[in-house]
Amino acid sequence: MNFQQIRNATITLEYGGQKFLVDPMLSKKGEFDPFLPAERDDRNPLVELPMSVDELLEGVDAVIITHTHEDHFDQAAKDQLPKDIKMFMQDEEDAKLAKELGFTNIEVMEEEVAIDFNGVEITEVDGRHGYGETAELMGNVMGVVFQHPEEETVYLAGDTVWYEKVEEIIDTYTPEIILLNGGENHFTGGRPVGNLIMGKEDIYEVYKAAPEATIVVSHLEAVNHWGLSREELKNFINEKGIQSNVLVPDDGESYTFE
Ligand SMILES: O=c1ccn([C@@H]2O[C@H](COP(=O)(O)O)[C@@H](O)[C@H]2O)c(=O)[nH]1
């Protein structure tokens, strides 16, 4: 299995002979408005892709869209992804949006129901995009579990905070690899309140729930409402002594897991 951090929540996963592209945000640096109100008002994305879009799309068998917020499925992705590419989405509402854009090969996932995609079993799992009312304002999100007889189990958590369901998913699927969105992204205007995705303490909770797993943290420093830098996260995991359990890839960096 090969994991590559592309930028923000955009990653690729070569798994069981299939190449998955997750949450494509393909815009050039500064191509769309900031998410406001936030501490920074720079235009998004904050950084360029580490490769060309052509290189990124080469060999992709399927795209997974965990939800349709702009930093997970942006206008550039809507324009540049081939309209017949296989696409997995979380619900009919997201699928309707993609169909209206001209995408023709969409499969809607169903929570806890495994789908066989060319021998790879992918299962939608729940996520919560913030706490309390914030999660309602931010809308539905999903995570995905990947299973294959010759691969370690991967849990892609998506845009979620730590909550009881994440622990339940870890207990149910016992993933060896956990992919987290950990940028502590948040707004400053009062609503939505609190972190929208995991921060360092949430990541630590995931580590405690799965101390044998390798955790890879994405969704860092690429959109303006981020709250946790790579440096701060690395300092935290060093303090906790969990630097061999928690990996913090730069954009473009990849890992192979045997
Ligand atoms: O005050 C607000 C409330 C919501 N948004 C929206 O939030 C998401 C941010 O992206 P995530 O990475 O999924 O957290 C985006 O869709 C915004 O439209 C906002 O910007 N400001």
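**The ligand site**

Of the 15 residues around the ligand, Leu36, His69, Asp71, His129 and Asp159 come nearest. Here, a residue is near a molecule if one of its heavy atoms lies within 4 Å of it. By class, that shell has seven nonpolar, six polar and two charged residues. The classes are as follows: Ala, Val, Leu, Ile, Met, Phe, Trp, Tyr, Cys and Pro are nonpolar, Asp, Glu, Lys and Arg are charged, and the others, Gly among them, are polar.

A word on ground rules. This is a predicted model, with local features needing pLDDT of at least 70 and side-chain atom pairs pLDDT 80 or more, while totals for chains, interfaces and linings use all residues. Residues are numbered from 1 along each chain as its sequence is written, and side-chain values use heavy atoms, with hydrogens and water left out.

Now the polar contacts, meaning pairs of N or O atoms within 3.5 Å. Asp71 has a side-chain N or O atom 2.3 Å from a ligand oxygen. For His129, a polar side-chain atom is 2.9 Å from an oxygen atom of the ligand. For His67, the distance is 3.3 Å, again from a polar side-chain atom to a ligand oxygen. Taken alone, the ligand exposes 480 Å², and the protein buries 77% of that. Those areas are Shrake-Rupley values with a 1.4 Å probe.

**Backbone points**

Most residues other than glycine have a negative phi, and most peptide bonds are trans. Which bonds are cis here? Leu36 to Pro37 is cis, with omega near 0°. Asn44 to Pro45 is cis as well, with omega near -15°. Pro37 sits in the loop between strand 3 (18–22) and helix 1 (53–57). Pro45 lies in the loop between strand 3 and helix 1 too. Helices (H or I, at least four residues) and strands (E, at least two) are DSSP runs, numbered from the N terminus.

Then there is Glu112. Its phi is near 65°, a positive value in a residue other than glycine. Glu112 is in the loop between strand 6 (106–108) and strand 7 (114–117).

**The interior**

How many cavities of 30 Å³ or more does a search of the whole structure find? One. A cavity is a set of points on a 1 Å grid over the protein atoms alone, where a 1.4 Å probe fits but cannot get out; lining residues have an atom within 4 Å of a point. The volume is the space filled by probe spheres set on the points. For the largest cavity, that is about 60 Å³. Its lining includes Phe3, Ile11, Asp23 and Ser218. Strand 11 (residues 177–181) gives the most to that lining, with three residues.

Methods
1 Å grid on protein atoms, 1.4 Å probe; cavity = no way out; pocket = protein on both sides within 12 Å on 5 of 7 lines; lining within 4 Å. Polar contact = N/O pair within 3.5 Å; in protein donor to acceptor, adjacent residues only side chain to side chain.
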